[in-house]
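Dear colleague,

I am handing over the structure below, and my notes on it follow.

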Amino acid sequence: MAKSYPDHIGWQLWQASRAWQAEFADAMRAAGHGWFSESRAGLLGHIPRGGLKQSALIDRAGISKQAIQQLLDGMEAEGVIVRTADPDDRRGKLLLYTPKGVAALDDGDRIKLEIENRYRDRLGEGPFEDLMAALRGLAEARSG
């Protein structure tokens, strides 16, 4: 007989997160960003629109320097970001979005709101707001 596993909150949060990520990535590719992947999305989330030092990205992302380098190489080859010399550090690089990258960020903002609106419709306004408040409470408990 197969072992049954508990249906715990971590599992439900993980499944909901994976479903959201897949829906978002599919919509980004459908919007014309064929280069978009979940791993690249995870990295883009750490780079502000005004740019970032590559060394700071390594600290923020929590993945290996080699993995970041590989993802950045791909995004640069796709024309999403550029790496330029850091005027404050001769050996450092700044990561900046290209117009193609900014267009992807704009589409991403729009798509996130569309997904959120579908969730609102599916759950109803009150339950959706309750869910948002509960998720914020969980995040604040972790950071506080």
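Arginine 29 and aspartate 26 sit three residues apart, about one turn of the helix, and both belong to helix α1 (helices are DSSP runs of H or I with at least four residues, strands are E runs of at least two, numbered from the N terminus). Their side chains meet in a salt bridge at 2.8 Å, N to O, a term that requires a side-chain nitrogen of Lys or Arg within 4 Å of a carboxyl oxygen of Asp or Glu.

This is a predicted model, in which local features need pLDDT of at least 70 and side-chain atom pairs count only at pLDDT 80 or more, while totals for chains, interfaces and linings use all residues. Residues are numbered from 1 along each chain as its sequence is written, and side-chain values use heavy atoms, with hydrogens and water left out.

By this rule the count comes to 13 salt bridges. Arginine 18 forms one with glutamate 38, with the closest N and O atoms 2.6 Å apart; because arginine 18 lies in helix α1 and glutamate 38 in helix α2, the pair ties together parts that are 20 residues apart in sequence. Aspartate 106 and arginine 49 also meet in a salt bridge (2.9 Å, N to O), and that pair links helix α5 to the loop between α2 and β1, 57 residues apart.

Best regards
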